[in-house]
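User: Could you take a close look at one part of this model for me, the open sheet and what surrounds it? I would like a connected walk through it, with a helix elsewhere for contrast.

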Amino acid sequence: MSSPLIFSTKRSSFWPVVVLCLGLALVPVVAVLTKQGHWVSLTTQMMILALAALSLDLILGIGGLLSFGHAAFIGLGAYTTGILIQEGKGDLLIALPMSLVVSGLFAFVTGIVALRTRGVVFIMITLAFGQMAYFAAQALYAYGGDDGLTLDGRSTVFGLKLLSNKIVFYYLTFACLAGCLLLLQRLSRARFGRVLLGARDNAVRMETLGYDVFRVRLMAYVLSGMIAGLAGFLLANHTEFVSPAYAAWQRSGDLIFMVIIGGVGSLWGAVGGALTYLLLEEGLSGLTEHWKVIFGPLIILFVLLTHGGIEGVVARLRDVMAGGRHD
Amino acid sequence: MSLLAIQVLNGLQLGLLMFLVAAGLTLVFGVMDFINLAHGVQYMMGAYLAATFIGWTGHFVIGLGMALIGIMIFGLLLERVMFRHLYARSHLDQVLATFGLILFLNQGVKMVWGAAPLGVPVPEWFQGSVLLGDGILYPVYRFVIIGSGLLMALVLWLVVEKTRLGMLVRAGASNATMLSALGVDVRKLFMVIFAFGTMLAGFAGAMAAPILSVEPGMGDQVLILAFVVIVIGGIGSIRGAFAGALLVGLIDTLARSYSVDFMRLFVGPAAARGIANGLSSMFIYLLMALVLFLRPDGLFPARGRT
Amino acid sequence: MTDTAAIRPVLQIDGLKKSFGALNVTNGVSLSVNPGEIHALIGPNGAGKTTLIHQIAGLLRPDAGHILFNGHDITTTSMPQRARLGLARTFQITSIVPSLTALGNVALAVQAGADKPLGFWTPVDADDSLNSPAQALLETVGLGARAGVIAGQLSHGEKRALEIAMALALKPRVILLDEPMAGMGHEESARLTDLLKSLKGTYAMLLVEHDMEAVFSLADCVSVLVDGHVLATGSADMVRNDPQVRAAYLGDEAF
């Protein structure tokens, strides 16, 4: 009952990542030269989403764990940052690690419960835990409750207001994204990644080889949650606003869409997925305020007609051009 | 104590509505291994269709009947056009596709009926309240909901435990591949289960329409709670869905009704309401986490361990 | 079986019981496997052979009885722990990692026993400490030339051989083989039989099989499992000629 997931053991994914990073690094330069300053802001937003999608791709694409509550970690990171900023302790040196800790802790505790289940139950539990985080945010009456909270400003860096400059903030975000991309690429190709992949395909087999599958998955889950928490930190700073909506389950669905469209397990595809999502949202909402009525069927059609997202299409094209066999 | 009695009855009512939604869902998961996020939408459609038809005909029962037929048609249409192609696909594909369906239908409903909540009047014969002991008044209609919920539960129980069809369903819940290997037309069984589950959800939505607000997205939270019910009760198990639903309904209602007062002990009234709302919504998920920690397969799992 | 009082069995099962509801699948099974020997387990379908293997491997927990591995009681030990102690198994329905290559699969098995089974930085593809032993094992089972093929694309017989390579990678004391010949053609079965024969003496094996030719040419000792309990245990000839066994399972065909 599983669709063929394409995991590349070749080093071929290296070059797309390099090109991608170069491209992203140059965006502010191009934007300044062409006087399109808003591109910087838009690309920052895309990179933040890409970071979140990347974190999901670790556990979903490589681990085979379909978490439908991933937005919760973003929300937790965002709120941790937002609250710290409001309390005057929002410096990057405090807020960033704290965001990682809070989201990591939530991932640990919920992971212990959720990872002992599998399949359909796992999906439902992660959805439920995601809702729990959403309601927790709503309960924060002192910090806006359901309406959300406008922040006094962005995080300082060593006490300096460096991040109010959007180009500086852009490069901070870029550094986070590139750093995590590199980290996860190495991880996926290392022993840890292989065990995670093996467990995705055949968890029982892995146990009979001597691997503690639960422990490995929990580690991946916590790491994934922390990276999403980092995205939350960046999001709160970027928008200077936090709201329970950041943790809404629909956002978790959007993330899954991004991961799939970019190609499950490809990691760098998460960026493509985030970009696609934002372009679709921009483009479609220009047509009608009811843009989701078009977006929904697009998703359905995409699922029904394709397998493996963009990376899958690319891989298939590569095969065809090499004149070789499929898969 | 009178407040407690009312809240218990409310909890029962919510629980039975949840049971109607969860029963169909758990069977679909258990027998077909098909994850249908859009099940909540069927609940919503039941409410909207009921509101519309009752509005047209001015008659509750006729409107309800028409709504149920509409729901059946709607469900079978969905099955034919979309779900059928997803049974063999991975859970990931099913989740994403049904997610897209929710987006489409929530927005579609907003376009057709508008974003403002629709009102559905309580049917005439069921208006008014009943006097329980101690001077408590409880609305007749809510008793009707409880009654019809229990009736449906009974019917389901009879079908599943006492009929041949029910036996197939139970067998399918523990091992569908085996059933197919034995020559049972599993496709047809799926369709029957799916149609019935859809109708139950739509019925719940229709019955709930007079007392809850009929608005776009009303099915989403119900869906998530139904998931919690199923997870607690055990996948594929009607008995589990029943136990889980009552548990969830009672605890959620009681948590909500007492949390505001509880918070008032610590903070002012506006803050208490705000905090209590979020906190009590969280409560049920904490319960779920606790149950799962002790029993990862739920309270009454249908599938035996291999 | 000759008197082996001086040799301690590497695997010993005492009075194992397992029921599913009213069904007693394992009804008091006792047997033992000596070091280096192949102990075959035969019996009609439904006798409970796979359930027994599951219990020994740790996938199922018995309701009663004990499993002793090298003298240690492993009745309640976890599956990963049993593997690390030296208990390997193959599955009745082929169980490998289809996304990885054949080499990748065996390397994964080798990795499990390495000093650092979970590295985070060094790429696995270029790791000789994993890939060299893996390649050697693939050669042992005759898959040396197929190392780079995606495991999901191997033929049925090749996948079975791959499973054995993975089991060997664990440097096991005992290998549980659950119907390794299942679904194989005559030539493939013969090759696998030769392979197992070459491993005899180095590894102890509990071999569940229906292929009688293989069983009688390989086994030092045969146990017949019927209705969840052992009907007879002995040398291949002894079992072959046992009237109860013929009545229950083998029939009157001459072997």
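Leu11(C) stands opposite Phe69(C), a residue of strand E4(C). Please keep in mind that this is a predicted model. The pairing behind that picture is between strand E1 (residues 11-20) and strand E4 (residues 64-69) of chain C, which run antiparallel and are joined by five bridges. In general, strands of a sheet pair through backbone hydrogen bonds, in either a parallel or an antiparallel way.

Stepping back, these strands belong to an open sheet of four, ordered E2-E1-E4-E5 in chain C, with antiparallel pairing. At the edges you will find strand E2 (23-33) and strand E5 (72-73) of chain C; each has a single partner strand, so one side of each is left without a neighbour in the sheet. Helix H1 (residues 49-57) of chain C packs on the sheet, where it touches E1, E2 and E4 of chain C. The direction of H1 makes about 60° with that of E2(C).

How does the rest of the chain look? Its secondary structure comes to nine helices and ten strands in chain C. The radius of gyration of chain C is 18 Å, close to the 18 Å from the globule rule for 255 residues, so chain C is as compact as a globular protein of that length. Along the principal axes, the C-alpha atoms of chain C fill a box of roughly 60 × 40 × 40 Å. Of its 255 residues, 45% count as buried. Among the contacts in chain C between residues at least 6 apart in sequence, 69% join residues at least 24 apart.

Now for the helix, over in chain A. Helix H12 (residues 292-305) of chain A has 14 residues, which at 1.5 Å a residue should span 20 Å; the end C-alpha atoms are 19 Å apart, which agrees. The buried residues of H12(A) are Lys292(A), Phe295(A), Gly296(A), Ile299(A), Ile300(A) and Val303(A). Looking down the axis of H12(A), these buried residues fall within an arc of 135°, so they line one face of the helix. An α-helix has 3.6 residues a turn, so residues three or four places apart point the same way. On the other side of H12(A), Leu301(A) and Leu305(A) are exposed. The cover over the buried residues of H12(A) includes helix H10 (249-262) and helix H11 (269-287) of chain A, together with helix H4 (91-113) of chain B.

Methods
Residues are numbered from 1 along each chain as its sequence is written. Chains are lettered from A and ligands numbered from 1 in the order in which they are written. This is a predicted model: local features need pLDDT of at least 70, side-chain atom pairs count only at pLDDT 80 or more; totals for chains, interfaces and linings use all residues. Helices (H or I, at least four residues) and strands (E, at least two) are DSSP runs, numbered from the N terminus. The radius of gyration is taken over C-alpha atoms; the globule rule is 2.2 Å times the number of residues to the power 0.38. A residue is buried if 20 or more other C-beta atoms lie within 10 Å of its own, exposed if 12 or fewer, and partly exposed in between; C-beta atoms are placed from the backbone. Two residues are in contact if their C-beta atoms, placed from the backbone, lie within 7 Å. The expected span of a helix is 1.5 Å times one less than its number of residues. The arc is that of the directions from the helix axis to the C-beta atoms. Two strands pair if DSSP finds at least two bridges between them. Axes are lines fitted to C-alpha atoms, for helices over the stretch in contact, and angles run from 0 to 180 degrees between N-to-C directions.
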